[in-house]
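Here is a short tour of one protein model, told through its side chains. Keep the structure open and look for each residue as it comes up.

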Amino acid sequence: MNYRHSYHAGNFADVIKHVLQCVALRYLHTKEKPFWVLDTHAGVGMYDLASEEATKTGEFMAGIARLLERTDLPPAITPYVEAVQQLNPQGEVRWYPGSPWLSALHLRPQDSLVLCEKHPYDSQLLAANAREFPASRQVKVLTATDGYGALKALVPPPQKRGMVLIDPPFEQRDEFDQIVTALSAGVRRWATGTYAVWYPIKDPLVVGEFHQKVKAIRGVEQVFVVDILVRAATDASCFNGCGMLFINPPYGLTQQAGTIMAYLTPILAQARGAEYQCLML
Ligand SMILES: C[S@@+](CC[C@H](N)C(=O)[O-])C[C@H]1O[C@@H](n2cnc3c(N)ncnc32)[C@H](O)[C@@H]1O
């Protein structure tokens, strides 16, 4: 397990993932009934963009830093940017929230969040950070735990409504297949939950195959995908973009995704050929 998200926090991929995560979480507020969120690959929850790791790559400069300069944010993106600004009251770009913090921010008193991180050291850091999260008493951290195993073990949640966020590091060649297996097991146990999966795009054909495999899972009906290329995918060995796949996508998300991506794509573009797609499969 070599991947450390601290090198990549706040990059274009985090912006896409976290904007869509926040839109999906806000949709869960439309009903009073409690919801449950499982983050299978949680990371450490909070990132210092002044750290050696973050400054070494400087990836956040082509991500969140570009958005914080904007004065024309569409309403669908504003809550995410305001959440980041709330962590940086002096106006600098220093602290960047991970997916666990953003989920915790959306918890109402009746809701709960489970965070799973496999890396022994990072999961301890996550547990320490989570004690400072909003609604921290409603947050449970599973340290040194495999997220796919947790998904299988914990669904369906007693609340019967909510979301599973799957955001692996893609260090393993068969990560797409592991996700399909985990989603099959999840949907078999909890068909009505929302599942949100983040993935990198190197070769768009590989991603297209993944979409079709998810769509073919027994019990899966609605699949919505949002993809961005930050440059033309002419070299399939490069990190050309990323996407999010949703099973049982929140209605509000499918409605707003086009507006969100039309706004973000030119801002996050890194070279010619940047484009996006939002597709209901
Ligand atoms: C992309 S990072 C997560 C970033 C986080 N979701 C966010 O948006 O802030 C992926 C994380 O998954 C962890 N990880 C890798 N394999 C795992 C597994 N099988 N189960 C749980 N966590 C895993 C890595 O240690 C890493 O911290």
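Aspartate 177 and lysine 213 form a salt bridge, with their closest N and O atoms 3.2 Å apart. A salt bridge here is a side-chain nitrogen of Lys or Arg within 4 Å of a carboxyl oxygen of Asp or Glu. Aspartate 177 lies in helix 8 and lysine 213 in helix 9, so the pair ties together parts that are 36 residues apart in sequence. Aspartate 177 is partly exposed, at 38% relative accessible area. Lysine 213 is partly exposed too, at 40%. The cut-offs are these: buried means under 20% relative accessible area, exposed means over 50%, and partly exposed is in between (1.4 Å probe, protein chains only). Helices (H or I, at least four residues) and strands (E, at least two) are DSSP runs, numbered from the N terminus.

This is a predicted model: local features need pLDDT of at least 70, side-chain atom pairs count only at pLDDT 80 or more, and totals for chains, interfaces and linings use all residues. Residues are numbered from 1 along each chain as its sequence is written, and side-chain values use heavy atoms, with hydrogens and water left out.

## Other salt bridges

How many salt bridges does the structure hold? There are 7. One of them joins aspartate 122 to arginine 4, with the closest N and O atoms 2.5 Å apart. This pair links distant parts of the chain: aspartate 122 is in helix 6 (residues 120-130), arginine 4 is in the segment before helix 1, and 118 residues separate them. Aspartate 122 is buried, at 8% relative accessible area. Arginine 4 is partly exposed, at 26%.

Lysine 17 and aspartate 14 also meet in a salt bridge (2.9 Å, N to O). Both residues are buried. They are 3 residues apart in helix 1, which puts about one helical turn between them. An α-helix has 3.6 residues a turn, so residues three or four places apart point the same way.

## Aromatic rings

The structure holds 9 aromatic pairs. Rings of Phe, Tyr and Trp (its six-membered ring) pair if their centres lie within 6.5 Å; planes under 30 degrees apart count as stacked, over 60 as edge-to-face and the rest as tilted. The rings of phenylalanine 176 and phenylalanine 210 have centres 4.8 Å apart and planes at 45°, so this pair is tilted. Phenylalanine 176 sits in helix 8 and phenylalanine 210 in helix 9 (residues 204-215), so the pair ties together parts 34 residues apart in sequence. Phenylalanine 176 is buried at 17% relative accessible area. Phenylalanine 210 is buried as well, at 2%.

Which residues form one aromatic cluster? They are Phe12, Phe170, Phe176, Trp198, Tyr199, Phe210 and Phe239. Lysine 17 returns here: its charged end sits over the ring of tryptophan 198, 5.6 Å from the ring centre. That label needs NZ of Lys or CZ of Arg within 6 Å of the ring centre and within 35 degrees of the ring normal.

## The nonpolar core

The largest nonpolar core has 94 residues. Such a core is a set of buried Ala, Val, Leu, Ile, Met, Phe, Trp, Tyr and Cys residues joined through side-chain atoms within 4.5 Å. Leu67, Tyr80 and Leu264 have the most contacts inside it. Helix 1 (residues 12-28) gives the largest share of this core, 11 residues. In soluble globular proteins, nonpolar side chains tend to be buried together.

Now pick out leucine 67. Leaving aside neighbours within four places in sequence, it is in contact (heavy atoms within 4.5 Å) with residues including Val15, Tyr80 and Leu264.

A cis peptide bond joins valine 155 and proline 156, with omega about 5°. Proline 156 lies in the loop between helix 7 and strand 6. Lysine 160 is found in the loop between helix 7 and strand 6. Its phi is positive, near 65°, and lysine 160 is exposed, at 53% relative accessible area.

Alanine 135 also has a positive phi, about 50°. It sits in the loop between helix 6 and strand 5 and is partly exposed, at 28%. Most residues other than glycine have a negative phi, and most peptide bonds are trans.
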